[in-house]
Amino acid sequence: MTINLLDLDAAALTAFFADQGEKPFRARQVLRWLHRFGQADFSAMTDIARSLREKLEVLTVVQPPPVIADRLADDGTRKFLFDVGGGNAVEAVFIPEEERGTLCISTQAGCALDCSFCATGKQGFNRNLTVAEIIGQLWQARHALGAWPEHPANGERLISNVVLMGMGEPLANLDNTVRALRLMLDDNAYGLSRRRVTVSTSGLVPAMDRLRDECPVALAVSLHAPSDALRDELVPINRKYPLRALLAACQRYLERAPRDFITFEYVMLDGVNDSDAHAGELLALTREVPCKFNLIPFNPFPGSPYRRSPATRVRRFAEILLAGGVVTTTRRTRGDDIAAACGQLAGQVRDRTQRSRRSFVLELVPQGARA
Ligand code: SAH
Ligand code: SF4
């Protein structure tokens with residue numbers, strides 16, 4: 001079977017070259033060509049012996065997920081849609097800011113966890129993304145933005161941060177997520193610091209412990225409610241891993257985390273979880289956990305039963321948390337005009353090949369629609 005080299009982290013690449021009777025430093029060289037320079041053409045890998053290049057040509061491919069849409073919003077936010085086969089697509093969003101550039105990437109096509117306010121959840125679960133599909137989003141975004149070290153835009157630092165907050169639950173696809181994270185951190189690949197890579201989870205407790213042991217990076221936890229009764233409703237996985245267990249896992253995570261706090265994400269749903277009382281309960285609940293809060297104004301999508309909390313309510317909620325001594329930020333909504341905001345990522349394509357074999361058309365299906 002042909003091997004997609006983008007599926008292999010440093011360890012796997014070393015094992016692959018060992019199988020071929022090659023020295024371990026070959027793995028490092030190829031890793032650098034692929035992930036430091038974005039090179040997919042073996043003939044350009046000039047420090048590698050021709051015979052080995054020819055072998056790679058036969059045995060392997062370099063295959064990131066193809067970009068099928070690339071849209072730029074008025075505020076500079078850029079959304080990429082990737083074809084991952086079988087009529088599925090996933091999205092990544094690049095968010096430029098003064099001091100940094102953040103790429104938000106996906107880890108699954110769809111999501112099985114069915115949070116009540118999430119467009120991805122409403123789409124249902126399709127499958128886990130492969131390592132090549134996860135790291136390939138960063139690879140493709142770097143190509144689109146000219147974010148390689150030798151590019152004239154000198155954009156190596158253009159993507160300074162990566163957040164796994166796109167479609168899917170990263171910790172439900174832990175093995176592939178960890179391999180992709182290792183590539184992001186590897187000095188021969190993207191060389192990002194652990195503090196600049198953030199995994200967001202809805203709270204899969206055993207997998208949080210594994211992430212801590214296998215590849216600790218910054219952690220964001222989607223809290224969204226101060227009580228089990230309400231969280232059971234909004235984030236159904238809470239029925240399996242209730243708040244007490246979740247907060248204990250946060251404490252354990254902090255023992256090895258690259259940052260000394262957990263970020264709690266909190267989606268602001270009008271009249272549901274946004275009262276003064278809720279803010280007070282949150283302070284009491286999280287008293288023992290070093291944390292920051294990130295309030296996310298709800299991003300509506302067709303068919304969702306919720307409304308976004310008014311700006312004054314969000315401000316008041318933030319003030320209560322701040323007065324309680326917790327650093328609290330409110331996420332600015334970006335890329336509104338291209339539906340690139342948090343929780344709106346529901347990219348789907350309908351494969352029309354059935355109807356017309358000759359004209360292969362991938363059609364974007366509107367948000368919230370099921371193919
Ligand atoms: N599955 C992971 C990561 C992807 S979702 C998780 O749930 O944490 C990234 C963030 O977007 C989560 O905090 C999620 O709760 C939030 N989110 C989902 N739908 C949203 C919506 N419609 N509006 C605002 N935030 C949303
Ligand atoms: Fe899945 Fe996260 Fe959406 Fe919940 S919020 S359904 S865990 S992607």
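This note goes through a predicted model, from the chain as a whole to single residues.

1. Basis. The model is predicted, and local features need pLDDT of at least 70, side-chain atom pairs count only at pLDDT 80 or more, and totals for chains, interfaces and linings use all residues. Residues are numbered from 1 along each chain as its sequence is written, chains are lettered from A and ligands numbered from 1 in the order in which they are written, and side-chain values use heavy atoms, with hydrogens and water left out.

2. The chain. There are 11 helices and 16 strands; these are DSSP runs numbered from the N terminus, helices being H or I with at least four residues and strands E with at least two. Of the 371 residues, 55% count as buried. Buried means under 20% relative accessible area, exposed over 50%, and partly exposed in between, with a 1.4 Å probe and protein chains only. Among contacts (heavy atoms within 4.5 Å) between residues at least 6 apart in sequence, 64% join residues at least 24 apart.

3. Helices α7 and α9. Helix α7 covers residues 205–214 and helix α9 residues 243–254; their axes are 10 Å apart, at an angle of about 0°. That angle makes α7 roughly parallel to α9. Axes are lines fitted to C-alpha atoms, for helices over the stretch in contact, and angles run from 0 to 180 degrees between N-to-C directions. Angles under 35 degrees count as roughly parallel, over 145 as roughly antiparallel, 65 to 115 as roughly perpendicular and the rest as oblique.

4. Residues between these helices. On the α7 side the contact is made by Val205, Met208, Asp209, Leu211 and Arg212, and on the α9 side by Ala245, Leu246, Ala249, Cys250, Arg252 and Tyr253. By class they are 8 nonpolar, no polar and 3 charged. Nonpolar here covers Ala, Val, Leu, Ile, Met, Phe, Trp, Tyr, Cys and Pro; Asp, Glu, Lys and Arg are charged, and the others, Gly among them, are polar.

5. Salt bridges. The whole structure has 16 salt bridges, each a side-chain nitrogen of Lys or Arg within 4 Å of a carboxyl oxygen of Asp or Glu. One of them joins arginine 252 and aspartate 209, with the closest N and O atoms 3.0 Å apart. This pair links helix α9 to helix α7 across 43 residues of the chain. Arginine 252 is partly exposed at 29% relative accessibility, while aspartate 209 is buried at 18%.

6. A network. Arginine 212 and aspartate 213 form a salt bridge, their closest N and O atoms being 3.2 Å apart. Shared partners join Arg212, Asp213, Glu255 and Arg256 into one network of salt bridges. Arginine 212 is buried, at 13% relative accessible area, and aspartate 213 is partly exposed, at 42%.

7. Ligand 2. Around ligand 2 (a heavy atom within 4 Å) are Cys111, Leu113, Asp114, Cys115, Cys118, Gly121, Gly168, Glu169 and Ser202. The shell has 4 nonpolar, 3 polar and 2 charged residues. Aspartate 114 also meets lysine 122 in a salt bridge of 3.0 Å, N to O. Aspartate 114 is partly exposed at 37% relative accessibility, as is lysine 122 at 35%.

8. Tyrosine 266. This residue lies in strand β12, residues 262–268, and is buried with a relative accessible area of 0%. Leaving out residues up to four places away in sequence, tyrosine 266 touches several others, among them His224, Pro226, His278, Phe293 and Phe317. Valine 221 is 45 residues from tyrosine 266 in sequence and 8.8 Å away in space, C-alpha to C-alpha.
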